[in-house]
Amino acid sequence: MIRRRGLQLRHLLVRSFATSYTARVVRSDKDGRSLAIEVEPPSTLHDTRGYALPRRDLICRVSRILHAHSSTSDPLLELSDYLRTLTLTPTTYEVSEILKSLKTPQKALQFFKFASTSVPGYRHDCFTYNRILTILATFGHCRDLVIQVVDDMELSDVRGNISTINILIGIFGGGQELERCLALARKWNLRFNSYTYKCLLQVYLRSYEVENAFGVYEEIRRRGYKMDIIAYNMLLDALAKNEKVERAYKVFADMKRKHCEPDQYTFTILIRMAGNVGKSEDLLSLYNEMITRGCTPNLIAYNTMIQALGKNQMIDKLISLFSRMVEKNCHPNEFTYSVILHSLATAGQVSKLHEVVEVSKRYVNKSIHAYLVKTLSKLGHASEAHKLFCNMWNTQAEGDHDAYMSMLESLCSAEKTTEAMDLLSKIHEKGLSTDTIMYNTVFTTLGKLRQVSNIRSLYEQMKQAGPMPDIFTYNILISSFGKAGLVDEAFQIFEEMENNYCKPDIITYNSLINCLGKNGDIDEAHMRFMEMRERGLTPDVITYSTLIECFGKSNRVEMACQLFDEMLAEDCYPNIITYNILLNCLEKCGKIDEAFKRYEDMKQQGLTPDSITYAILERLQSGSHRAVKVCKKKPNTGWIVSPIS
């Protein structure tokens with residue numbers, strides 16, 4: 001009984017909002033059991049408050065017309081014909097619903113303009129302007145179209161509301177366009193609401209206008225509006241990055257007074273700020289307050305705190321916090337170890353890294369191990385890198401190519417060639433294959449140290465078990481044997497290179513020419529120079545400088561000068577080393593006037609004399625032709641060019 005009365009009551013409530021319709025019978029069968037009725041809708045439908053209800057059939061029909069794709073008819077022309085059949089002009093609410101149904105800003109704007117110019121008796125109001133602005137804002141990249149709509153709004157003398165201002169602030173952001181928004185608000189005599197201030201605050205913060213943002217914040221406080229945690233964190237982050245420490249603490253205190261509970265991001269922002277400005281006491285108190293308030297630190301919070309402790313040289317507390325982080329099962333990432341490593345290196349306590357690795361060994365995977373080895377090597381801590389590498393070797397079943405490469409480079413930099421060669425021979429034990437870069441790294445160090453026997457041994461190992469030598473391998477070997485005076489072995493490598501279909505390049509010929517010239521075979525060096533040109537390789541400044549020096553040492557000054565002039569004719573411009581070689585050659589042979597002439601040419605070329613140049617000039621002016629040995633490293637090959645000997 002109760003249920004039946006409830007249904008009757010609900011039926012009465014529903015019926016009270018119903019609309020009365022007039023209908024007439026247009027067709028019936030003979031026995032009157034089937035009827036066809038035509039319903040005539042009332043001229044205007046209203047809701048309970050008296051507002052006209054939108055005509056859904058009108059909205060759907062107009063939307064279908066505008067969405068129709070036809071190459072033979074114009075949708076707007078068809079729409080114009082349809083609207084002429086209506087007895088009533090579409091309302092702004094109906095126009096707004098039609099705009100909302102359109103899928104692209106172009107169609108929406110097209111209909112918006114059509115409604116204002118082609119629908120008799122229709123005029124846009126603030127409601128439809130807000131609708132089109134919202135549509136343009138949603139699709140983005142429509143700033144010019146928005147400006148056109150706002151211009152039209154002002155020309156049509158339509159007064160916007162605070163929603164209009166809020167939409168425009170969200171679209172435009174800062175700059176002159178924001179000033180226009182504020183000017184419109186003053187023109188329309190609008191009062192900002194809480195959302196307007198929030199929009200303004202975000203705009204200023206995104207534009208890095210911290211002073212203006214703080215001014216908006218103070219206005220929010222004066223008016224008694226509330227801010228959410230996101231707005232507070234955005235403001236605190238901006239103040240912290242600009243080191244507005246006192247203001248940040250003021251906002252933080254106000255945040256707690258307004259019963260907006262700080263979260264872990266709030267404390268992370270303040271901890272980072274305290275660490276950057278060296279407020280170590282505040283750093284610890286903020287962290288303790290975060291824990292007291294029940295905020296569980298995440299990885300970002302831990303990393304921030306570790307970084308702040310490192311900046312303030314609080315190494316013991318840093319390691320203690322890291323241990324707590326691991327105990328709480330917060331997985332440290334590569335950034336965590338990077339911060340710790342650089343903090344320890346700055347404090348001169350790199351040895352404590354092994355304690356860090358031991359504490360977190362269940363998290364130290366192959367990638368972390370490799371990163372630490374590489375970074376230690378780059379920072380110059382070769383012995384610590386080697387200890388960690390040994391730890392990696394003993395604990396990781398598979399090796400990491402980059403870590404092994406870094407270890408090789410570190411050993412070679414420390415000239416520990418025996419260890420480097422040993423590592424190279426054992427890499428395959430960890431499932432890795434050696435490559436030419438690894439071998440070339442070790443070959444370079446062996447060549448620099450002139451360890452010829454080790455070069456031979458490693459080269460045989462490479463041919464038997466390693467990768468095929470490449471152009472860099474051959475160039476390093478030719479250069480190394482040449483520096484050791486082993487011309488025959490350098491030639492043997494050159495021939496082997498050609499037999500293996502590895503085409504010599506300019507560096508190969510430079511090394512070979514240098515090898516021949518420095519070992520007294522000038523004519524063969526010159527023949528290789530000619531062969532190089534026949535093969536289509538263009539000699540560079542190093543090629544010419546090497547040959548000029550060789551001819552100069554053999555007292556063949558005319559040939560040296562001829563090569564120098566040929567170099568200029570080929571648009572290969574000599575550098576200061578080339579000029580020093582030639583000047584020294586001319587000075588030794590007593591061609592003083594020629595030497596001064598070449599010196600003037602050098603200055604006209606814009607080259608700055610160095611100490612070697614001035615030493616030669618001093619001897620030229622004093623008439624002393626005593627040879628002085630000054631060594632200069634060649635920039636490309638690492639060979640020693642002796643411009644004065």
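For my contact lists, contact means heavy atoms within 4.5 Å. This is a predicted model, so I kept to its rules: local features need pLDDT of at least 70, side-chain atom pairs count only at pLDDT 80 or more, and totals for chains, interfaces and linings use all residues. Residues are numbered from 1 along each chain as its sequence is written, and side-chain values use heavy atoms, with hydrogens and water left out.

**Helix 22 and helix 24**

I took helices as DSSP runs (H or I, at least four residues), numbered from the N terminus. Which residues of helix 22 meet helix 24? I found His401, Met405, Leu408, Glu409 and Cys412 in helix 22 against Ile437, Met438, Thr441, Val442 and Thr445 in helix 24. By class, this contact has 6 nonpolar, 3 polar and 1 charged residues. Ala, Val, Leu, Ile, Met, Phe, Trp, Tyr, Cys and Pro count as nonpolar, Asp, Glu, Lys and Arg as charged, and the others, Gly among them, as polar.

Next I looked up the geometry. Helix 22 (residues 401-413) and helix 24 (residues 436-448) have axes 10 Å apart, at an angle of about 5°. Axes are lines fitted to C-alpha atoms over the stretch in contact, and angles run from 0 to 180 degrees between N-to-C directions. The two helices are therefore roughly parallel (angles under 35 degrees).

**Helix 7 and helix 9**

For helix 7 (residues 143-155) and helix 9 (residues 176-187), I noted axes that come within 13 Å and cross at roughly 20°. That pair is roughly parallel too. On the helix 7 side I listed Arg143, Ile147, Val150, Asp151 and Glu154, which meet Glu177, Arg180, Leu184 and Lys187 in helix 9. The class count here is 3 nonpolar, no polar and 6 charged residues.

**Aromatic pairs**

How many aromatic pairs does the structure hold? I got 16, where rings of Phe, Tyr and Trp (its six-membered ring) pair if their centres lie within 6.5 Å; planes under 30 degrees apart are stacked, over 60 edge-to-face and the rest tilted.

Tyrosine 93 and phenylalanine 127 have ring centres 5.9 Å apart and planes at 25°, so I logged them as stacked. Tyrosine 93 is in helix 4 and phenylalanine 127 in helix 6, so the pair ties together parts 34 residues apart in sequence. Tyrosine 93 is partly exposed at 34% relative accessible area (buried is under 20%, exposed over 50%, partly exposed in between; 1.4 Å probe, protein chains only).

Phenylalanine 214 and tyrosine 217 have centres 5.6 Å apart and planes at 40°, so that pair is tilted. Both lie in helix 11 (residues 210-223), 3 residues apart. Phenylalanine 214 is buried at 4%, and tyrosine 217 is buried at 0%.

How values were computed
Angles under 35 degrees count as roughly parallel, over 145 as roughly antiparallel, 65 to 115 as roughly perpendicular and the rest as oblique.
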